[in-house]
Each structure stands twice: as C-alpha cells, then as structure tokens.
Amino acid sequence: MEPTISFFSGLQISDLWYLMEAAWRTVLISALSITIGTVLGVVFGWILYEGRWAAALTLGPLLDVFRSVPLIIQLVLFYNFAPIIGLNLDPFFSGVVILGIYCASLVANVARGGMEAVSRPMRRAARSLGMSYWQDLRYIVLPIGGRAVFPSWVGVALGVMKDSALVSVLGYIELLKASQILITRTQEPLLILTIAGAFYFALSYPISRYAASIEKRWTS
Amino acid sequence: MIEIRGLEKYFGTLQVLKGIDLTVPKGEVLSIIGASGSGKSTLLYCINALEEIQAGSVKVDGTDVHAKGTDINALRQKLGMVFQQWNSFPHLTALENVALSPRIVKGKTKAEARDIAAKQLEHVGLADKLDVYPSALSGGQQQRLAIARALAMEPEYMLFDEATSALDPELVGEVLDTMRLLAEEGMTMICVTHEMNFARDVSDRVAFFHQGVIEEIDSPDKIFGAPKSEHLQKFLSNIR
Ligand SMILES: Nc1ncnc2c1ncn2[C@@H]1O[C@H](COP(=O)(O)OP(=O)(O)OP(=O)(O)O)[C@@H](O)[C@H]1O
Ligand SMILES: [Mg+2]
C-alpha cells in the first residue's frame, strides 16, 4: 500500500484503524497464551499439589526459572535458539509459546493454592459419597478452589495481556509495536502512547469489572 | 453386616487401633463412646476406607473393604457417613448438594436426582430450603443437609462421627431427632457420640473405646447401669 502525501503531517483516521487492528492482535496473542497457560498451569499446579516428590522436585525449580527470568530475555532467547533445534516459528507463535509457558508458571502456583483452599474433610466428605478421585476434583475441588483463587487468576491474566507488549521485540505488530511505528512516522509520541494506553485500559477494564461482578455473585 | 476382625491402624509409629473385633448386624444401632483420642473416628474412617489399615480386615456384606480388587467407590455408596464438620458444598444449593452424587456417581438423570434430593430434604425437615445456599443455613440445618446428602445414595449403613459436637447446644436436638428417626426406620447405624442420653435411649448396644481397643461392649443398660471396666466407670463419672 502506497502511503499518501500527508504521511508525515500527523495522525489520520486510518492510523486509528491501524492501532485497532494491532489491539486485536494483542487480544489474539493474549487470549491464546492465557488459555494455553491456564490449562497447562492447572495441570502443573495439580502435580505440585499432589507433591509426588520427583515431579515437584523437577517441575518446581523449572517453573521458578520461567517466573524469574525477565520475559524479554526468554522471548529473544527462544526466538533465536528455537531454529537450532528445528523449530521455525514465526514471531506470533514464538510469543504464544513463551507467554503461554510464562503464564503457566504463574497459574501453577495459583492453581496449587486453589487446591489447598479445599479442606481435607471436605474432600473426604465427597469421597464418602462414592465420588471417585477425579469426580472429587471436577465437581468439588475445581469449583470451590477455582472460586477461591479466581481474583488471583484474573490478576495473572491481565498481567500476561500487558506483558504481551514484549512480543513486539520479535517484530510482531501488536499494540505497542504499532504505536512505535506510528511514533516514528508522526513524531507525536505523547498522543500515540496515550491512545495506546487507553486501548490497553479499554481491554482490561471490562475484564476486571466483569470479574468483580462474578465474584460478587459467588459471595452473595 | 459389618464384620471387623483384628483391625490395627498406625499413624506412622503411633498405633491408634490395637486389634478391633466388632460385628454389627443389619438393623442394629451401635453407639461408640470413649475419651478424646481413643480412636473412635479412626475406626469409622477405616470402615469406609478413608484410611488404610495395617492389619486385620473389614468386611461389609462379605466384601473386604481394603482388598485390592474392591470397587471402593461402589462400596462407599452402601456406607453413608456424616462428619462432625458438616462439609456442605458451598457452591451448590441445598438441593444440588444432595442431588450431585446421585447424578454423577449413580448416573441418575437430572430430574431423577432432583426428585431424590427433594425427598431426602423433606425427610430431614428441610423441605422449605431447597434453593438456599449452605451459607444461609444454621449449623443444625447444615448437618441435616449432610444427613440428607448421605441418604440420597440409599446407603444400607450410616456412620455418624460426632454429628452434634460442633453444634451450638440449642441446635443439637434437631439433629439428634433426625438420627432417632433414622433409627426408628430401621437403618443400621454406628454412631460415635458424646451424647450419653442418645446412646442410652436409641442404641441397641454401646461400645466403650479406650486407647485403641474396645474395652467394653454391651447393652446400654449394662454399660450405663453396671459398667465393669474401671476406665469406663471413670469415664462415666467424669462426664456426669
Ligand atoms: N491423620 C492423622 N495423622 C496422625 N495422627 C492422627 C491422624 N488422625 C488421628 N490421629 C491420631 O490418632 C489418635 C486417634 O484419633 P481419633 O480422631 O480417632 O480419636 P477420637 O477417639 O475420634 O477422638 P475425638 O473424640 O477427639 O474425636 C489421636 O491420637 C490422633 O492424634
Ligand atoms: Mg473423633
């Protein structure tokens, strides 16, 4: 597409569309990473909770690594070293892999906390009714523990959404990267960053409000 | 019939049950009394395999509870259990609390499970609380909910572990009345209890636990009227 002549003269309506599209890509990469991360994280959390020592001994420290090494380093390392082991992933999928694992390492702790929130007597009561181990997990531990840690999970999810901005270092054009491109062109950093910030806010605010209303429904 | 032979239970190196022999025939109401820490709760947990055992055996209608091949989830449906802490499922209404296991464990349809639950809630006097969440129920009501939840699996035996101990005094009566009702209906019951009046009035037999053994077991008249063991005499004089 050939840019018009008013290219350097400031922000245009089409640039807003451009940002909107980028915001959509932020939503896309976040939603995918959070979904994968949550599923994996719940499984990891369950392994940690059940505490088979071998699993906990290897998994625990591994998750610690993903939690503590800055995401931007993980992203760059993975993107550059994955091809060496034969994984040729584009920036989007590299981002999903790393964000997903990062999210899983955070969710693992949240999920373990949720399982710990369901008392042993409660679970015994469930088993005494003839429920199997898995039925107990599905119908008792998941809903009770899930509700207990739902606010923490929302916190993790919103955090991952914001952190998805880091995938821009790989060249994936999401909200932050798009803003940078526009800034270079228009030289209006304050305006554009304000708009980008507003987009992030517009994405997370409804989620946190919705989460709060769900919580309220549960506690009433 | 529940048959317990030479049952021994350890927690680590601590021996909590030291060779229990006990037979409870169908239709009997057995009360278990004894000091705190004497192993009463542990015995109940061993009967429905919520705890493993180290020696001896427990048989329910001839099935060895702790044997490898036993389908314990099927067997537990025969053995309703009510705990000191009522453990209502907080995310479900009273009706859903009771309907859950019939639906997922017994494979009843939603409508069938609902009917069963409504019937059992009426049975324990909670017919007007079907759609209420446990947090809005009193302790006594929650304990009756727990009884209804156990009864919904149509158990042949009921195990009560100090069902009234965690209740405020004024709520004890309603739960004991429900237990009395079950006894009158012919339910086979093993009741660990500190309610001596209940043990005396309702039981066919009373067992006195002392440090992991059944020190005395007899009719309520004999246990309360003419206790033989010194420990039992002391136990009874302490609580009077
Ligand atoms: N999970 C456990 N791990 C270790 N020790 C335990 C465990 N459960 C019970 N015990 C111990 O086993 C002994 C018997 O406990 P149990 O709960 O059966 O006693 P009880 O007769 O029911 O007492 P109470 O009247 O206080 O309920 C106690 O010394 C207790 O500390
Ligand atoms: Mg006890």
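A polar contact here is a pair of N or O atoms within 3.5 Å; within protein, one must be able to donate a hydrogen and the other to accept it, and residues adjacent in sequence count only if both atoms are side-chain atoms.

**Ground rules.** I am working from a predicted model, where local features need pLDDT of at least 70, side-chain atom pairs count only at pLDDT 80 or more, and totals for chains, interfaces and linings use all residues. Residues are numbered from 1 along each chain as its sequence is written, chains are lettered from A and ligands numbered from 1 in the order written, and side-chain values use heavy atoms, with hydrogens and water left out.

**Entry 1, polar contacts of ligand 1.** I began with B:Thr42, whose side chain has an N or O atom 2.5 Å from an oxygen atom of ligand 1. For B:Lys40, I found a polar side-chain atom 2.8 Å from a ligand oxygen. B:Glu162 also has a side-chain N or O atom, 3.0 Å from an oxygen of ligand 1. Ligand 1 taken alone exposes 640 Å², and the protein buries 60% of that (Shrake-Rupley method, 1.4 Å probe; for residues, only the protein chains shown count as cover).

Next I listed the residues around ligand 1, including B:Phe11, B:Val16, B:Gly37 and B:His194 (a residue is near if one of its heavy atoms lies within 4 Å). Helix α1 (residues 40-47) of chain B gives the largest share of this shell, three residues (helices are DSSP runs of H or I, at least four residues, numbered from the N terminus).

Note on methods. Helices (H or I, at least four residues) and strands (E, at least two) are DSSP runs, numbered from the N terminus.
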